[in-house]
Every structure is written in C-alpha cells, then in structure tokens.
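Here is a friendly walk through one protein model and the ligand that comes with it. Keep the viewer open and follow along.

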Amino acid sequence: MIIIGFESSCDETGVAVVCTQRGLLAHALHSQIAMHREYGGVVPELASRDHIQRILPLTEATLQQAGISMDDIDAVAYTAGPGLAGALLVGASVAQAFAWARGLPAIPVHHLEGHLLSPLLAQPQPQFPFVALLVSGGHTQLMRVDGVGKYELLGETLDDAAGEAFDKTAKLMGLGYPGGPALSRLAAQGDASRYDLPRPLLHSHDLDFSFSGLKTAVLTRLKSLEKAGGALSDGQRADLAAGTEAAIVDVLAFKAIKAIKQTRLKRLVVAGGVGANRRLRARLVESMAALGGDVFFPPLEFCTDNGAMIAFAAAQRVNAGLVDLSDGSHAFTVRPRWDLQDVCV
Ligand code: KG4
Ligand code: ZN
C-alpha cells in the first residue's frame, strides 16, 4: 500500500510517499526559515500562506522522484496536530481534498508520533521496547515505547521545551533564528567550563525537566558581563554559548540515562529537532555505550519536521491494524493542542 503524507504543522512544508512494505520511496521539503528569520521567529499567518504556495509543487516533485503517479496512491496521511492551527489546516485540507477526490482513506497523524517513530526510518532499526527522548521546539518528553501506539509518558518539561531553551537563549545572545543550530555552532568554539550555569531539576527524583530558569540565568550573566566590560568579546560569546549548550545537554542526557536505568531497557531513541545537536548525540552515544546499551537517532534530515515521518507513522499504524481504512467520511478538524495519549491503544 502506498501512502502520501503531508506535514505543515509549523515552518516546514513536507511531502513524502511511503510504501507499507518497502518503506520510504521519496520525500520533498521546503523550510520557511529564511522567510521567518527577519522576524526572529515563526509568524503563523506567513507560515500558513507559504504552506499554501509550496504544498502542490512539493507534491508533484515527490511523485516524480518516486516515479509514480496519483493513481498509485492508496491512502493520504497528514499532520492533524499539535501545531499552528492555520498551518495545520493547509496540510489537512489538501490531504482531505486529495482523498475525497480520489475516493481514498485519509489518515490524521499526531506530529509527535511522527517524531517518535522517525528513528525507524534509519538502519539498523531500533527494536521495541525502547525509551524515547523527544526533544523538539515545542516538546521535551521521555517516553517508554512498547510498540506502535503504545506510548507511556515517563517525564516531561514543566515549562520551556529544550528547543525553546536553545531558541530563547540564542535570541538573548543576538543569534539568528532558529537558535539551536546557531547557538551550537558558536558553542563549538567556546569553553563550556568558563561560565557555570544552572542544571534545573538535575537531581529531582522524577524524570521531569525545567528550562525556563536557564534562560533567566543566561540573561543575568549577559547583563553582568556587559555591565563589567561593555559588549561581549567573541570569546565570551562563544564561552557563554558553550556553557548554555552544556547545561541543556547535561540535563537531557542525565534524565535520559536515568529513564534507561529505571525502565531497565537497553535501547534509547532520540527524536525531534534538538536530536540534531552534536554534543547531545556524542554524550548519549558515550553514556549508552558505558551501560552496554544502544542509542538510535533519526537521519539528520528527519530530526527536524518533515513529511517522511508523517507518511511513515501512518504506514506503521496501518501495519499495526490501528487505522480504519473503510472510513469514507472526509469531515475533519485539526488539533493545535493534542495529547499523544489520545492516539495510544
Ligand atoms: O522538531 P522540530 O523541527 O520542530 C518542532 O516540532 O518543534 O524542532 C525544532 C527545534 C528548534 O527549537 C531548533 O532550535 C532545535 O530544534 N534544533 C537544535 C538543533 N537543530 C535544531 N537545537 C540544538 N542543536 C541543534 N543542532
Ligand atoms: Zn516537530
């Protein structure tokens, strides 16, 4: 069965075709980063309008790349939430119109389930069960994953997400949007031990996170450095970036390993945009090797938002028998806020 999938929950338009037997056949992506950069963050209305312009050309490009036509498509998947309402509506309405016009089933997909299953797009595939560290711009969660649709929340952020911590501290330091990649590039040239920053909730007894205090600590440090010596030197900026990245990575890695120890599982899977962070990757590889376990990451291109993970998650749900393919109703809604537990079995 061939499924086309649409992702438009935030600032990336993604389209992909996946075969339930053979896996990913083709995908295409347009990132709106350049468009939002001058505003310092995502402007929802601009995002929606841009999705409208990109989605059909990307669909044509994807079908062409896969060497198939619309006639070969058997089902249509789309991100139904969580995300920006207007942006979600673009993918949802295109997908539902496609499905209705061609008499195909439409499959709404939870964006986080897409991220969660995206490491299965790589080889070797992690086997279930595993612990997943889901670290995106909007979410920071530790999950126990026992199979498709079998997700148990072990811990999550009480305030800012890890990606948000990267983005907000990068903004304070005058770095571009999105902040994560910019901050980690600068951090690569810095000394993480020069400025000691807090590791919130590091020793709490649970698996929860909190990152909003880190942002305040960076702001306070920035102000005191500026007060003492005016504008920061390049070295100071790099050291502060390195200290910030180290603080975020320390907490994420510590809690992920704690979850591994608590669940006694041997496999850790990292997903979401922050999973692209090199320091985090290196730390988790080292820590899991020390425990005799394995860590899995999605291919870098599938860490941030993309259509492949949405079409793939739909295919996994079909293969697991979790989709009612006979449902011919094309009434739909999007869910800007949507608990992952709602798609659990
Ligand atoms: O998963 P994603 O593309 O979008 C959401 O669903 O939120 O994640 C985007 C987040 C942003 O906060 C971005 O700054 C962060 O992932 N990010 C990174 C890196 N690449 C992307 N954070 C740290 N280091 C990176 N290399
Ligand atoms: Zn995402």
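Let's start with helix H9, residues 278-290: its 13 residues reach 18 Å from the first C-alpha to the last, close to the 18 Å expected at 1.5 Å a residue. The expected span is 1.5 Å times one less than the number of residues. Helices here are DSSP runs (H or I, at least four residues), strands are E runs of at least two, and both are numbered from the N terminus. This is a predicted model, in which local features need pLDDT of at least 70 and side-chain atom pairs count only at pLDDT 80 or more, while totals for chains, interfaces and linings use all residues. Residues are numbered from 1 along each chain as its sequence is written, chains are lettered from A and ligands numbered from 1 in the order in which they are written, and side-chain values use heavy atoms, with hydrogens and water left out.

Which residues of H9 are buried? They are Leu280, Arg281, Leu284, Ser287 and Met288. They cover an arc of only 140 degrees around the axis, which puts them on the same side of H9; the arc is that of the directions from the helix axis to the C-beta atoms. Buried means under 20% relative accessible area, exposed over 50%, and partly exposed in between (1.4 Å probe, protein chains only). On the face turned away from the buried side, H9 carries the exposed residues Arg278, Glu286, Ala289 and Ala290.

The buried residues of H9 pack against strand S6 (130-135), helix H8 (234-263), strand S9 (267-271) and strand S10 (294-296). Contact means heavy atoms within 4.5 Å. At the N-terminal end, Asn277 caps H9, with a side-chain oxygen 3.1 Å from the backbone nitrogen of Arg279. Just after H9, Gly292 takes a positive phi of about 75 degrees.

## Around ligand 1

Asn277 turns up again at the ligand: of the 19 residues around ligand 1, Gly137, Asp167, Gly180, Gly273 and Asn277 come nearest. A residue counts as near if one of its heavy atoms lies within 4 Å. Helix H4 (111-117), helix H5 (162-172) and helix H6 (179-187) each supply at least two residues of the shell.

Now for some distances. An N or O atom in the side chain of Asp167 is 2.6 Å from an oxygen atom of ligand 1. For Gly273, a backbone N or O atom lies 3.0 Å from a ligand oxygen, and for Gly138 a polar backbone atom is 3.4 Å from one. Taken alone, ligand 1 exposes 560 Å², and the protein buries 87% of that. These areas come from the Shrake-Rupley method with a 1.4 Å probe; for residues, only the protein chains shown count as cover.

In H6, Gly179, Gly180, Ala182, Leu183, Leu186 and Ala187 are buried. What covers them includes H5 and H8.

## Two polar side chains

Gln32 has its place in the loop between strand S3 (23-31) and helix H1 (33-37), and counts as buried at 1% relative accessibility. Its side chain makes polar contacts with the side chains of His36 (2.7 Å) and Asp50 (3.5 Å). A polar contact is a pair of N or O atoms within 3.5 Å; within protein, one must be able to donate a hydrogen and the other to accept it, and residues adjacent in sequence count only if both atoms are side-chain atoms.

Lys215, in helix H7, is partly exposed, with a relative accessible area of 24%. Leaving out residues up to four places away in sequence, Lys215 touches Asp160, Lys168, Thr169 and Leu172. Its side chain and that of Asp160 are joined by a polar contact of 3.1 Å.

## Backbone details to look up

Where are the cis peptide bonds? One joins Gln123 and Pro124, with omega about 0 degrees. Another runs from Phe128 to Pro129, with omega near -5 degrees. Pro124 is found in the loop between H4 and S6, and Pro129 lies in the loop between H4 and S6 too.

Leu201 has a positive phi near 60 degrees without being a glycine; it lies in the loop between H6 and helix H7 (212-229) and is partly exposed at 30% relative accessibility. Arg264 also has a positive phi, about 60 degrees, although it is not a glycine. Arg264 sits in the loop between H8 and S9 and is exposed, with a relative accessible area of 73%.
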